[in-house]
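Let's take a walk through this one together. Keep the structure open beside you and follow along.

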Amino acid sequence: MTTTSAPRSVPRSVPRRSALRALAVAVALVGTSTPAFGSAAFAAEPQTYTLTIKHVDRAGQPATKFRTHVAGVFKDGGEEFLEQQDTSGVTTVRLPKGRYLLDSTLSSIQGANGTIGTDWIVQPRLDLDRDTTVTVDARTTVPVDVRPPDGSASFVHGSTVVEVTHNGVTRSGNVVNGSPNLRVAHLGPETEAGALKQWIDVNWKTDTVNYALGRTFTGTRALTGLTRHYSAQELATLNIRSAVGPGSTGTTHFSLLPTDGASLGVSRSMPTPGTATFLVAPERGTWDISFTVPRADGTAPNSYTADRIAVRAGATTTQTFDGPVFGPALTDRPAVSRDGDRITANVPLLADGDGHAPWSPSFDTAYTSLYRDGLLVGAASDAPGRGEFTVPSGKASYRLSTTVTRKAAAGATTRVNALWTFASATTTGPTALPVSVVRFSPELSPAGTAVAGSALRIPVTVQGAAADGRTRSLTVSASTDGGASWTRLPLEAGAVTVQNPSAGTGVSLRAELTDADGNTLDQTITDAYRTQ
């Protein structure tokens, strides 16, 4: 089956009735005594012209199945979706003067087995300044033949998106094909240099591997055909792993999308624990993953995102979601910031082992407090690591403390404590404050357990103000009695080693840090992992 629909972020997805309301009114009222287009006063009718579109199929006959999209590439430019009304293959519409993007999808039945073929023709530059006739001819199209190295793979779906920009206005069109029988062609004059972008994504699969293939193009013309047969050496391996998180069900859901441009992407479900393997085209750029973990108790699912994942031909990249050690992590946004005399804390305290910060982590209690020169400024208890505080102006010493707890679960952190000290003064705008966290990254089972009685090497990474050689001191300790007592661990080559206790014991980890400017961190993760 072949359809035309709107991949992620494509403006065509807006319902025609609402998106085209102003344009539809204008077309309906042209030639009447009522002003039809423009200001609220309708002082003057816009200059309009008739656009006639003739559709021709692969046999040179009037096309009987088509859908044509016309979008105005100018301020307040509307869009029209035109479909077959009779057997003539001709449709007309009256539109305001301006630059338009036209793309047309024609469907045909091929061969005795009734295979559906799709022809997509794009005119990226249609300057409507007079009554105009355009012929959309399927005989001008050339196949899109993008294939993986494994000849046994089956086609899943493909999507092609074109985006045109003119005078600061961008419009787009797309086609989604459910069979590999897609042919495409450029129509009409070229656009200005660099005004056109086009993305092609083609997805195949076998019983064990998914293929996410495609390319990105920039230029003056829409594509007329594309042949690309990938070899195994040209592709990168991207593994998406699901660990056994606390309270999760046996099934997780995820999607994989190219970062750049609009795309239908790939959506899948898989058991927990499990691994989905993708061979992806590096020339398509970086990749984004959305990962959702349903909860067995029916509460809101735990969702993660990982954006702009870089891949390289011949190399393997693995992203593991909802696995230990759960603990504080810093993302690309400031974890603690000050704007004038307002301090905001938003520290992900229960990021998973790969540093993915959950949107709605499960927890039982949370508490965050801020002290200024030893005096309590305020406290919050609605979400882990979050709080907003208004402070007096001027420079002072601050202590920010935060705690989150949750019920015990195999391999799951049951408590996180973090205490930061830093100096701060009034700012003239949003400014990141100098906080740090420590990440622990041992190799654990998908359930978050380690072998009892064995020696476990735990890599230690510093994020934030103390990163990149700005750590003055760092001490790491471990506890096997829930934090009642601690044993200091030597830090060697960026890692510590724990001699694991007997089976069924939780191992807690603590980090005490001072950065180059004297700001401090005291961080504890209770039951970072368990032995088995």
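Predicted model: local features only at pLDDT ≥ 70, side-chain atom pairs only at ≥ 80, totals over all residues.

Trp 420 belongs to the largest nonpolar core, which has 65 residues. Trp 420 is among those with the most contacts inside that core, along with Phe 278, Val 336, Phe 440 and Tyr 529. Apart from this core lies another one, made of 29 residues, including Leu 101, Val 122, Val 144 and Ala 222.

Now look at Leu 223. You'll find Leu 223 in the loop that links β13 (210-219) to β14 (226-229). Is Leu 223 buried or exposed? Its relative accessibility is 14%, so Leu 223 counts as buried, the cut-off being under 20%. Beyond its neighbours within four places in sequence, Leu 223 is in contact with Val 184, Ala 185, His 186, Gln 198, Ile 200 and Phe 217. Thr 141 sits 82 residues away from Leu 223 in sequence, yet their C-alpha atoms are 9.5 Å apart.

Last stop: a sheet. Four strands form an open sheet in the order β26-β23-β22-β29, with antiparallel pairing. The edges are taken by β26 (386-390) and β29 (431-432); each has a single partner strand, so one side of each is left without a neighbour in the sheet. Strand β22 (residues 336-339) runs antiparallel to β29, and two bridges join them. Arg 338 has Thr 431 in β29 as its bridge partner.

Technical notes. Residues numbered from 1 in each chain as written. Heavy atoms only, no water. Buried < 20%, exposed > 50% of the residue type's maximum accessible area, 1.4 Å probe, protein only. Contact = heavy atoms within 4.5 Å. Pairing = 2+ DSSP bridges. Core = buried A, V, L, I, M, F, W, Y, C linked by side-chain atoms within 4.5 Å.
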